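Trainee: I would like to go through this chain term by term, setting each value against its definition. Please start with how surface is computed.

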Amino acid sequence: MRFVPRFTDGREFPEPLGKIVCVGRNYAEHAREMDSPVPDEPLLFLKPATSAVDMEAVIEAPFTWGEVHYETELALLIGEPLSDAAPDLAERAIVGLGLALDLTLRDVQTRLKDKGHPWEIAKAFDGACPLSAFLPLVEAPNWSALEFDLAVNGEPRQHGLGAEMLFSVPVLVAEMSRHFTLLPGDVILTGTPAGVGELPRGASLDLQMTGGLHIQTRVAE
């Protein structure tokens, strides 16, 4: 079933989910834990709409492909067309704020990277992007003050703070709009902080974000 973006008040977004535009290594500590250089410009990639699933449903991960890793990220729902936009215009086009898990087939990604091949299949598979409902935005929040957390089986694993992003939300969305026209229904993932790791079978996940968003879900065995 195709994922339909919805708000925390129960309303469905009037446009279908489009592309999911992601950024890699937007937190310096995450770049270091991956033994990768800290980038001086956003590293962008895409997930298709078919990768999105409801975060509150049981998460089905393709464990037969090897290790599946979690990466918790702020998710932004775009409400207006954007192309080559300035940062102030870009942030005004964001109509929803939520959470996402950028699931990654780490063994597959590592093998493809070692061969110098593209690694979309490690990031874009069906179910690779569990998404929460979105808090409605009528004006841009204080992006630097936003915080979010992930606990796995009750143990804190990730803590993200907007102020620690290498590229702030307005700058990031503007940069994305330079390369891909953003349309209503597109979703942006803003990068993951340090603490990524293997997603355990049968694990309980607890995710929270500034503004009162709180999701409890679990992983299939």
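Mentor: Accessible areas come from the Shrake-Rupley method with a 1.4 Å probe, and for residues only the protein chains shown count as cover. By that method the protein chain exposes about 10,100 Å², of which carbon and sulfur atoms supply 51%. The model is predicted, so local features need pLDDT of at least 70 and side-chain atom pairs count only at pLDDT 80 or more, while totals for chains, interfaces and linings use all residues. Residues are numbered from 1 along each chain as its sequence is written, and side-chain values use heavy atoms, with hydrogens and water left out.

Trainee: How many helices and strands does the protein chain have, and what makes a run count as one?

Mentor: There are four helices and 15 strands. Both are DSSP runs numbered from the N terminus: a helix is H or I over at least four residues, a strand is E over at least two.

Trainee: Why is the protein chain called as compact as a globular protein of its length?

Mentor: The globule rule is 2.2 Å times the number of residues to the power 0.38, and the radius of gyration is taken over C-alpha atoms. For 221 residues the rule gives 17 Å; the chain has 16 Å, which is close, so the description holds. Along its principal axes the C-alpha trace spans about 40 × 40 × 30 Å.

Trainee: What makes S177 buried?

Mentor: Buried means under 20% relative accessible area, exposed means over 50%, and partly exposed is in between (1.4 Å probe, protein chains only). S177 has 1%, so it is buried. S177 lies in helix α4, where eight of the eleven residues are buried. In the protein chain, 51% of the 221 residues count as buried.

Trainee: Which residues does S177 touch, leaving aside its neighbours within four places in sequence?

Mentor: Contact means heavy atoms within 4.5 Å. On that basis S177 is in contact with L82, S83, D84, A85 and L182. What covers the buried residues of α4 includes β1 (20–24), β5 (72–78) and α2 (87–92).

Trainee: What makes a set of residues a nonpolar core?

Mentor: The members are buried Ala, Val, Leu, Ile, Met, Phe, Trp, Tyr and Cys residues joined through side-chain atoms within 4.5 Å. The largest core has 50 residues, and L99, V173 and L205 touch the most other members. Helix α4 (residues 169–179) gives this core its largest share, five residues. A second, separate core of 17 residues includes F13, F45, A52 and L189.

Trainee: Why is D84 called exposed, and R25 partly exposed?

Mentor: D84 has 57% relative accessibility, so it falls in the exposed class. R25 has 25%, so it counts as partly exposed. D84 is found in the loop between β5 and α2, and R25 in the loop between β1 and α1 (28–33).

Trainee: How many side chains are positive and how many negative?

Mentor: Lys and Arg count as positive and Asp and Glu as negative, with His and the chain ends not counted. That gives 17 positive and 33 negative side chains.

Definitions and conventions
The place of a charge is taken as NZ of Lys, CZ of Arg, CG of Asp or CD of Glu.
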